[in-house]
Amino acid sequence: MTQKSLALISDNEAIKDSVAQAVDRFDDLSLETHSGTLSSVNGRACDLMGENDLLVFSFSGELNLETVSDLRRSAGSRGTLLALSDRDISLTEARALNKSGVDEILPYPIGQDELAEQIQRLMVDKSLLPTIYAPQPQRLGQIISVCPARGGIGASTLSINLADQLQGYSGIFRKRTRNKVAIVDLDLQFGTVATSLDLQSSSGLLRMAQDGVTPDRTFLQQSLVQHASGLEVLSAPEEFIPLDVLTREQVSALIETLRLEFDFVVIDLPRALVDWLGAVVTASDRMMMVGDSSVSSVRQACRLIEFFTKERLEPPVEIVISQETKPTFRSSQHVEAQKALERELRFWLPSDARHAKQALDRGQLLSQASGSCALSKAIRTMGRKIMNETMVGKTGLRNNAA
Ligand SMILES: Nc1ncnc2c1ncn2[C@@H]1O[C@H](COP(=O)(O)OP(=O)(O)OP(=O)(O)O)[C@@H](O)[C@H]1O
Ligand SMILES: [Mg+2]
């Protein structure tokens, strides 16, 4: 059994007790505790990160993000950092912390089971990504997952064409693209991305399932197929495989590897609840929930959001209403839907069966088959909004406007 170690920096006695109790549950885990805060232990934090598998620190009130970024910068790819906040923190704060280099943030108090589980997870995750993991959070691409609330609503059509638009076309003939974009078809059994783009399906996900490989950069090079538009596609396998054959660790490694290579990664999800969905929920910067305003679709979307909330306190779900034109005034049904979903009905994709079918039949993107149709325009606008909200700083590094 390899011995692992955890270091804790905290001046909160209750937190020290909780962490000690959580560590006690693992025979192969040792703990060293340092009283103080991340900044008061000065340069020692960097050594602690290098010497231990996991560094946990607690903070109350405002945390100086620079202390965290300095620590991450000097520690480089070594060590995993878990922050325990003694108050509820907002999603914006959590994201800012993530971007500074904290791997996970948890609110305290937290259940003992949950704390032990998270510690165990953080110990495992990084060791799965030894060669490719270089925590340079500002450089990471955005992960956008697309989740259907009901069948045949147009979720895959959105995934494919949103991915296309996120390439950020410019120039007179819109030939130049600004962003590197990948689309991943995780609808393993019924995925349609490859056929919609008239591409050969790749055996990558099948190999991942059969051989249990943990995806890395080489895996991506072997498995991605480039579409003429520039989009890189990881398609669903041609053969039938059980949906739950992939593990969370594999899906998590796949996403983090993609994140390092692309500006945007769009993930088309199946209409099913499966364990590895947790890895997608955790990694997503945005989750587009695609449905319509019917009661059954809204109810299904609520159930999914509830499921995601178990994985992540505030899943970054945005609602897309498909096959409906945005109304000038919201009807009472729309208001009800908003209330139930606790979110605005943010994006609207008009019903445009003719052009959607035409593109599908030709195996083309909407931008190629009928760039000026209403559906194509709506997806283009959506892509622009997302790109605008993902600010590109002077250095060319991306930051989420959160
Ligand atoms: N906005 C739209 N208006 C009208 N028809 C559409 C629209 N978007 C997609 N469609 C059509 O609906 C059908 C299903 O589309 P798509 O495969 O994108 O949906 P899905 O939600 O991914 O379905 P599935 O549940 O099979 O994964 C296709 O025939 C497509 O052409
Ligand atoms: Mg689909």
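This is a predicted model: local features need pLDDT of at least 70, side-chain atom pairs count only at pLDDT 80 or more; totals for chains, interfaces and linings use all residues.
Which of the 17 residues around ligand 1 come nearest?

View 1. Gly152, Ala155, Ser156, Thr157 and Asp352 come nearest to ligand 1, out of 17 residues around the ligand. By residue class, the shell around ligand 1 consists of seven nonpolar, seven polar and three charged residues.

**View 2. Polar contacts of ligand 1 with Ile153, Thr157 and Asp352.** Thr157 places a polar side-chain atom 2.5 Å from an oxygen atom of ligand 1. Ile153 contributes a backbone N or O atom, which lies 3.0 Å from an oxygen atom of the ligand. For Asp352, a backbone N or O atom lies 2.9 Å from a nitrogen atom of ligand 1. On its own, ligand 1 has 630 Å² of accessible area, and the protein covers 76% of this area.

**View 3. The pocket of ligand 1 and the helices in its shell.** Ligand 1 takes up the space of the second largest pocket. Helix H6 (155-165) and helix H14 (353-362) are the elements that give two or more residues to the shell around the ligand. H14 provides four residues, the largest share of this shell.

**View 4. Leu269 and Ala155.** Leu269 is located in the loop between strand E12 (264-268) and helix H11 (277-283). Is Leu269 buried or exposed? Its relative accessibility is 3%, and Leu269 therefore counts as buried, the cut-off being under 20%. Although Leu269 and Ala155 are 114 residues apart in sequence, their C-alpha atoms are 8.5 Å apart in space. Ala155 is also one of the residues that come nearest to ligand 1.

Note on methods. Residues are numbered from 1 along each chain as its sequence is written. Chains are lettered from A and ligands numbered from 1 in the order in which they are written. Side-chain values use heavy atoms; hydrogens and water are left out. A residue is near a molecule or strand if one of its heavy atoms lies within 4 Å of it. A polar contact is a pair of N or O atoms within 3.5 Å; within protein, one must be able to donate a hydrogen and the other to accept it, and residues adjacent in sequence count only if both atoms are side-chain atoms. Accessible areas come from the Shrake-Rupley method with a 1.4 Å probe; for residues, only the protein chains shown count as cover. On a 1 Å grid over the protein atoms alone, a cavity is a set of points where a 1.4 Å probe fits but cannot get out, and a pocket is an open set with protein on both sides within 12 Å along at least five of seven lines; lining residues have an atom within 4 Å of a point. A molecule sits in a cavity or pocket if more than half of its atoms lie within 2 Å of its grid points. Ala, Val, Leu, Ile, Met, Phe, Trp, Tyr, Cys and Pro count as nonpolar, Asp, Glu, Lys and Arg as charged, and the others, Gly among them, as polar. Buried means under 20% relative accessible area, exposed over 50%, partly exposed in between (1.4 Å probe, protein chains only).
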